[in-house]
Amino acid sequence: MSRVYCPCMTIRTCSGTVQKGEGRASTLGFPTVNIPLPDADVSGVFAGVVRHKDREYHAAIFADPPRGLLEAYLLDFDEDLYGQEVSMTLLRKLRDSKPFSSDEELRVMIGNDVEAVRRYLTKLP
C-alpha cells in the first residue's frame, strides 16, 4: 500500500527508465537507481520516495544537472531495476551539492544524508 503525499509536500516528481550510472556510489557502498533529470532547475540532495510498480521506497536522491541524472539510494532495498520504469518524488531538500576532496569524505556524507532521510521520512504522518 502506498502512502499518499500531499502536493504541498512535493518539490518535484520525475519518471523514467532506470539506466546505468558510473558506479561510483556503488563502490562506496550506496548503489543507486538512476533516471534522466528532465530539467536543470533542481539540484542537490533530497529526502524522497521512489515508486516501482506497486511498491514505494524511501530514498536519498541526488539531483545532478551537470550529468543530467537523478540518482536515488533506496533505503533497505537490494534489487536490480535496470531497464525498468520508476518515479522519484523529491519531498525535502537536505543540502546543496558540493565537491568532496576524497571518496572517504563522500562516503561519510552519503551516510549522513541517508540517516537524515530516515529521520525525516519516519516523522511524516
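This is a predicted model: local features need pLDDT of at least 70, side-chain atom pairs count only at pLDDT 80 or more; totals for chains, interfaces and linings use all residues.
Residues are numbered from 1 along each chain as its sequence is written. Local features need pLDDT of at least 70, side-chain atom pairs count only at pLDDT 80 or more, totals for chains, interfaces and linings use all residues, and side-chain values use heavy atoms, with hydrogens and water left out.

Me: How many aromatic pairs does a search of the whole structure find?
Reply: Two.

Me: Why is the aromatic pair of Phe30 and Tyr73 called edge-to-face?
Reply: Rings of Phe, Tyr and Trp (its six-membered ring) pair if their centres lie within 6.5 Å; planes under 30 degrees apart are stacked, over 60 edge-to-face and the rest tilted. Here the centres are 5.2 Å apart and the planes 80° apart, so the pair is edge-to-face.

Me: What parts does the pair of Phe30 and Tyr73 tie together?
Reply: Phe30 lies in the loop between α1 (24-27) and β2 (33-36), and Tyr73 in strand β5 (residues 69-74), so the parts tied together are 43 residues apart in sequence.

Me: Why does Phe30 count as buried?
Reply: Buried means under 20% relative accessible area, exposed over 50%, partly exposed in between (1.4 Å probe, protein chains only). Phe30 has 12% relative accessibility, so Phe30 counts as buried. Tyr73, with 18%, is buried too.

Me: How do you know that the charged end of Lys20 sits over the ring of Tyr82?
Reply: A charge sits over a ring if NZ of Lys or CZ of Arg is within 6 Å of the ring centre and within 35 degrees of the ring normal. The charged end of Lys20 is 3.8 Å from the centre of the Tyr82 ring.

Technical notes. Helices (H or I, at least four residues) and strands (E, at least two) are DSSP runs, numbered from the N terminus.
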